[in-house]
Amino acid sequence: MSESAMLDGFHIGGVPEGLGGLVSDFASEWEDVQITSRVWERQTADGHRVDLRVHVLRGQRLADLDGLRDFLVDYHEREYDDSQTTEFPHPEGPGLATDAQVFWLAEPGVGVTVLVDPERVDQAGLFAFAGGIVRQRQPAG
């Protein structure tokens, strides 16, 4: 795993090895939710391919895990039914996972989601990486 970094108040631990070296940050808003994103991609013969995405989501509709899930259903235009998801026990809050995505509620109004290309990062690697994303701690004193 490579070095760590910060994204919208969250410390991102080392990213899995073998990902593309093109890293970009974006900020956007969709349906009254502010989205801060970091994307790792690589160049291919056909253009670029995304290997890993981290989104920090902030908005009132993200009051609980169901609200986060409902937002992601709308945002990604795909369902997450119970047969596709499993619990993801993130240290900072309740979460759910698929084979290529995890998302959790860090606190009411703040969610994080991580998506990977499953050909580049397996589910164990996804869980390990996502488990290392934690809120920045304020220094004591």
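Is Ile133 buried or exposed? In this predicted model, Ile133 is buried, with a relative accessible area of 0%. The residue belongs to strand β10, which covers residues 133-135. Beyond residues up to four places away in sequence, Ile133 touches Phe10, His11, Ile12, Val54, His90, Glu92, Trp104, Val112 and Val114. One of these, His11, is 122 residues from Ile133 in sequence, yet the two C-alpha atoms are 5.6 Å apart.

Strand β10 takes part in an open sheet of three strands, ordered β1-β2-β10, with antiparallel pairing. The edge positions are held by β1 (5-7) and β10; each has a single partner strand, so one side of each is left without a neighbour in the sheet. From one strand to the next, the twist averages 30°. Three bridges connect β1 with strand β2 (residues 10-12) in the antiparallel sense, and Ala5 stands opposite Ile12 of β2.

Strand β9 (residues 110-116) is largely enclosed by the rest of the structure, because seven of its seven residues are buried. Both faces of β9 are covered: Val110, Val112, Val114 and Val116 are buried on one side, and Gly111, Thr113 and Leu115 are buried on the other. Strand β5 (residues 47-58) runs antiparallel to β9 and is joined to it by seven bridges; in this pairing Val56 has Val112 as its bridge partner. Strand β8 (residues 101-107) also pairs with β9 in the antiparallel sense, over six bridges, and here Phe103 is partnered by Thr113. A hairpin is formed by β8 and β9, with two residues between them. Gly109, in the turn, has a positive phi of about 95°.

Nine salt bridges were found in a search of the whole structure. In one of them, Arg58 pairs with Asp8, and the closest N and O atoms are 2.9 Å apart. Arg58 lies in strand β5 and Asp8 in the loop between β1 and β2, so this pair ties together parts that are 50 residues apart in sequence. Arg58 counts as partly exposed at 29% relative accessibility, and Asp8 counts as partly exposed at 32%.

A salt bridge also forms between the side chains of Asp117 and Arg42, at 3.6 Å from N to O. Since Asp117 sits in the loop between β9 and α2 (123-131) and Arg42 in strand β4, the pair ties together parts that are 75 residues apart in sequence. Asp117 is buried, with a relative accessible area of 5%. Glu107 and Arg135 meet through their side chains in a further salt bridge (2.7 Å, N to O). This pair links distant parts of the chain, with Glu107 in strand β8 and Arg135 in strand β10, 28 residues apart. Glu107 is partly exposed, with a relative accessible area of 36%, and Arg135 counts as partly exposed at 22%. Through shared partners, salt bridges join Arg42, Arg49, Asp51, Asp117 and Arg120 into one network.

Glu41, located in strand β4 (residues 33-44), is buried yet has no salt bridge. The nearest side chain of opposite charge is that of Arg42, 9.2 Å away. Apart from its neighbours within four places in sequence, Glu41 is in contact with Gly20, Gly21, Leu22, Ser24, His48, Arg49, Val50 and Asp51.

Terms used. Residues are numbered from 1 along each chain as its sequence is written. This is a predicted model: local features need pLDDT of at least 70, side-chain atom pairs count only at pLDDT 80 or more; totals for chains, interfaces and linings use all residues. Side-chain values use heavy atoms; hydrogens and water are left out. Helices (H or I, at least four residues) and strands (E, at least two) are DSSP runs, numbered from the N terminus. Buried means under 20% relative accessible area, exposed over 50%, partly exposed in between (1.4 Å probe, protein chains only). Lys and Arg count as positive and Asp and Glu as negative; His and the chain ends are not counted. A salt bridge is a side-chain nitrogen of Lys or Arg within 4 Å of a carboxyl oxygen of Asp or Glu. Contact means heavy atoms within 4.5 Å. Two strands pair if DSSP finds at least two bridges between them. Axes are lines fitted to C-alpha atoms, for helices over the stretch in contact, and angles run from 0 to 180 degrees between N-to-C directions.
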